[in-house]
Amino acid sequence: MSRFWSPVVHKLTPYVPGEQPKLTNLIKLNTNESPYGPPPGALEAIRAATDDTLRLYSDPTSEGLRAAIARAHGVEMDQIFVGNGSDEVLAHAFHALLQHEGPLLTPDITYSFYPVYCGLYGIAHEPVPLDDAMRIEVADYLRPCAGIVLPNPNAPTGIALGLGRIETLLRAHPDRVVVIDEAYVDFGADSAIPLVRHFPNLLVIRTLSKSHALAGLRVGYAIGQAELVEALNRVKDSFNSYPLDRLAQAGAAAAIADREWLARTTGKIIQSRIRLTSGLRDLGFEVLPSQANFVFVRHPDRDAAFLAAALRERSIIVRHFRTPRIAAWLRITVGTDTECGILVDALGAIL
Ligand code: PMP
């Protein structure tokens, strides 16, 4: 890299996104997208918004979208922050946490963007080890820190934390922000959004990329008390005042309004996860108890890198992380029942 850039950039270890190949005859189970198309109303709204008004800037406050979110979750407009994917919402939250005393605590095995943001913003980071069953041990987070960021359910394990445990964290850190990243919450875990009214230090982050089948639209949001959200708006307006384009605002608002579609598709994915889990266990895999749209698995006799490569040869892509702590595991997105069936048959043949 050119020596003209700052030392901060030289030291960055960027996030490595999952592979996004062209979808020709591939079964893509590597980045936790929905196997179903987006809510039809979202596509209609995007089509309707595709007109001459695209020459105009988008609404910087995403009012229509925030109104839809407010209705869906029973919160106030000023308790909602929206961004260009939850990655961007998370980035602003990390940025706003800068310069607190102590390290930011996250699980050691978790969404790998968290350490990247810490590196980017120069935040001291302390990864807290999961327990032997790969669970988050809340007792290990009750010490002085700059803040806490946890996915619930955690990724890539899929294991969820009960709301009582989250309340323990919030009570232990009345002067620190606790960020709960609920990217996968719609697949069976309890949302912390009802706790927002009781805890001024709670920020819940959501995405439309998973349960709403709109990863390509790039929309995420955060819910917290108005004072917490105000800080995120300040960071956003110092960075990019129009993060959500007109099509994203229109499509996301329509998607969020369709609660019936959400319940139906997440219900189907949960059923497929149950079938996939038992199919994999029958083949001898250890499968962690997942509340997400993916399962985290390992086989006692077979190397995960070998399995991922053998699946790839059969046009099935799953996620294998090279990080030493989890290199024995595969993360497999729950696809349709047909896709899951093809995957299980392929693994049976490979083993
Ligand atoms: N949080 C977690 C835990 C995730 O796994 C992901 C998806 N990679 C994200 C946030 C980001 O999702 P998006 O930017 O698509 O909203």
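Colleague: Which residues in helix 9 meet D337, C340 and V344 in helix 11?

Modeller: Two residues are in contact if their C-beta atoms, placed from the backbone, lie within 7 Å. Here S272, R275, L276, G279 and L280 of helix 9 meet those three residues of helix 11. By class, this contact has four nonpolar, two polar and two charged residues. Ala, Val, Leu, Ile, Met, Phe, Trp, Tyr, Cys and Pro count as nonpolar, Asp, Glu, Lys and Arg as charged, and the others, Gly among them, as polar. Bear in mind that this is a predicted model: local features need pLDDT of at least 70, side-chain atom pairs count only at pLDDT 80 or more, and totals for chains, interfaces and linings use all residues. Residues are numbered from 1 along each chain as its sequence is written.

Colleague: At what angle do helix 9 and helix 11 pack?

Modeller: Axes are lines fitted to C-alpha atoms, for helices over the stretch in contact, and angles run from 0 to 180 degrees between N-to-C directions. Helix 9 (residues 259-282) and helix 11 (residues 337-350) pack at about 10 degrees, with axes 10 Å apart. Angles under 35 degrees count as roughly parallel, over 145 as roughly antiparallel, 65 to 115 as roughly perpendicular and the rest as oblique. Helix 9 and helix 11 are therefore roughly parallel.

Colleague: How many helices and strands does the protein chain have?

Modeller: Helices (H or I, at least four residues) and strands (E, at least two) are DSSP runs, numbered from the N terminus. The protein chain has 11 helices and 12 strands. Its radius of gyration is 20 Å, close to the 20 Å that the globule rule gives for 351 residues, so the chain is as compact as a globular protein of that length. The radius is taken over C-alpha atoms, and the rule is 2.2 Å times the number of residues to the power 0.38.

Colleague: Which residues are around the ligand?

Modeller: A residue is near a molecule or strand if its C-beta atom, placed from the backbone, lies within 6 Å of it. Around the ligand are G85, S86, D87, Y111, P151, A155, D181, A183, T207, S209, A215 and G220. This shell has five nonpolar, five polar and two charged residues.

Colleague: Where are P153 and P156 found?

Modeller: P153 is in the loop between strand 5 (147-151) and helix 6 (163-172), and P156 is in the loop between strand 5 and helix 6. A cis peptide bond joins N152 and P153, with omega about -5 degrees. The bond from A155 to P156 is cis, with omega near 10 degrees.
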